[in-house]
Amino acid sequence: MMIIVSSSLRLSGELSEFFINKTEIEDFPRFSHRGLLLDTSRHYLPLTSILDTLDAMAYNKFNVFHWHLVDDSSFPYESFTFPELTRKGSYNPVTHVYTAQDVKEVIEYARLRGIRVLAEFDTPGHTLSWGPGFPRLLTPCYSGSRPSGTFGPVNPILNTTYEFMSTFFLEVSSVFPDFYLHLGGDEVDFTCWRSNPDIQAFMKTKGFGNDFKQLESFYIQTLLNIVSAYGKGYVVWQEVFDNKVKVPPDTIIQVWREEVPVNYLKELELITRAGLRALLSAPWYLNHITYGPDWRDLYVVEPLEFEGGAQQKALVIGGEACMWGEYVDSTNLVPRLWPRAAAVAERLWSNKSVTNLDLAFKRLTRFRCELLRRGVQAQPLNIGYCEQEFEQT
């Protein structure tokens, strides 16, 4: 909601007159968490790209930078506790890493723009880049009775795994000041665990049978206890909830799947019915592109269009637009983000009743031109042009 009150004040002088316009704006967001995820593992994003994105986020009233720092592809976060993770897991330990100073600069640059930094270190899956820097962390896969030479998710049966995680997340907790850490927990492939005889024996001892979701829950719950001891809260992907991990009541569940195992609105209903807070990302994957004005599909999403009372729907604290990096680096990041992300930003900020696509198109078109004026190379929404195109140097 926006209220604008204007008045003019006339000041007279001997030689000239001045007119001062006074404007008061009352404005507030519908959702408190309005995030944008960048993936810096599949393709390394230079520090300047991240800082420029933070500027554009501030223009769009995003207030959370979800930094998906590491993944299978590379480990660009420079750990001072385990430096071998970066030396052996990054694309290039000199040019493709985020130093401690880089991380501090991102956090402070974001803070000055009203943006929190939510760091994600996803485990037990998506961790192949961790293995070279810390032997025995990952599970050896087997082919029949022999090791195949390949590795799977983090090995959840070794004490050394949890000693490592305890030390590593102590560091992470000290580096990133935000109360929340994102601990991932998505897309864990059980194939390697299933092939490993030591894990099979552990499963039998624990009484897990052949239910590897219980083994995943064992790992996740132990990790949550470790992080809790450092006074941190956590966000996890929806599989943690789907697999019935017993999470503390202050856990935030991020919904990213559109239709599996249920559609995202049903997933939000289930999560909030369980009394947990939720974030929505499923319909806002900006790395998915189509020909034409796909911003409309992003804009018409209604996050609270599920069955449940007001108290339940209040547990949906917001959402995030996600830019995954399989096919995105610094060469195409900006035009793929903007102004499409602005459609998500408006949906998370504006009143539920603000849904007119024609009016939204006019706003976004003007805003795209304003982004160009500010040096953000936002792509066009339709046929036409901006005067600001010719102001670029």
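Biologist: How do the axes of helix α1 and helix α3 cross?
Modeller: The axes of helix α1 (residues 47-59) and helix α3 (residues 100-111) cross at roughly 10° and come within 10 Å. That makes α1 roughly parallel to α3. Angles under 35 degrees count as roughly parallel, over 145 as roughly antiparallel, 65 to 115 as roughly perpendicular, and the rest as oblique. Axes are lines fitted to C-alpha atoms, for helices over the stretch in contact, and the angles run from 0 to 180 degrees between N-to-C directions. Helices (H or I, at least four residues) and strands (E, at least two) are DSSP runs, numbered from the N terminus.

Biologist: What kind of model is this?
Modeller: This is a predicted model, in which local features need pLDDT of at least 70 and side-chain atom pairs count only at pLDDT 80 or more, while totals for chains, interfaces and linings use all residues. Residues are numbered from 1 along each chain as its sequence is written, and side-chain values use heavy atoms, with hydrogens and water left out.

Biologist: Back to the helices. Which residues of α1 and α3 meet?
Modeller: From α1, the residues are Leu47, Ile50, Leu51, Leu54 and Asp55; they meet Asp102, Glu105, Val106, Tyr109 and Ala110 of α3. Contact means heavy atoms within 4.5 Å. By class, the contact of α1 with α3 has seven nonpolar, no polar and three charged residues. Here Ala, Val, Leu, Ile, Met, Phe, Trp, Tyr, Cys and Pro count as nonpolar, Asp, Glu, Lys and Arg as charged, and the others, Gly among them, as polar.

Biologist: And α6 with α7: at what angle do the axes cross?
Modeller: Helix α6 (residues 197-206) and helix α7 (residues 212-228) have axes that cross at roughly 85° and come within 11 Å. The two helices are therefore roughly perpendicular to each other. In α6, Ile199, Phe202, Met203 and Lys206 meet Phe212, Leu215 and Phe218 in α7. The residues of this contact divide into six nonpolar, no polar and one charged.

Biologist: Which strands does β9 pair with?
Modeller: Strand β8 (residues 180-182) pairs with β9 in the parallel sense over three bridges. Strand β10 runs parallel to β9 as well, and three bridges join the two. Two strands pair if DSSP finds at least two bridges between them. Leu181 has Tyr234 in β9 as its bridge partner, and Val236 stands opposite Ile253 in β10.

Biologist: How many bridges join β4 to β5?
Modeller: Five bridges join strand β4 (residues 64-68) to β5, and the strands run parallel. The bridge partner of Trp67 is Ala119 in β5. Four of the five residues of β5 are buried, so β5 is largely enclosed by the rest of the structure.

Biologist: You mentioned Trp67. How are the rings of Phe65 and Trp67 arranged?
Modeller: A search of the whole structure finds 33 aromatic pairs. In one of them, the ring centres of Phe65 and Trp67 are 5.6 Å apart and the planes lie at 25°, so the pair is stacked. Rings of Phe, Tyr and Trp (its six-membered ring) pair if their centres lie within 6.5 Å; planes under 30 degrees apart count as stacked, over 60 as edge-to-face and the rest as tilted. Both Phe65 and Trp67 are buried.

Biologist: What about Trp295 and Tyr299?
Modeller: Trp295 and Tyr299 form an edge-to-face pair, with 6.1 Å centre to centre and 70° between the planes. Both lie in helix α10 (residues 295-299), four residues apart, about one turn of the helix. Trp295 counts as buried at 1% relative accessibility, and Tyr299 counts as buried at 1%.

Biologist: Last topic: the backbone. Is the peptide bond from Thr123 to Pro124 cis or trans?
Modeller: That bond is cis, with omega near 5°. Pro124 lies in the loop between β5 (116-120) and β6 (138-143). The peptide bond from Trp338 to Pro339 is cis, with omega near 5°.

Biologist: And what is phi of Arg136?
Modeller: Phi of Arg136 is near 75°, a positive value in a residue other than glycine. Arg136 lies in the loop between β5 and β6 and, at 57% relative accessibility, counts as exposed.

Terms used:
Buried means under 20% relative accessible area, exposed over 50%, partly exposed in between (1.4 Å probe, protein chains only).
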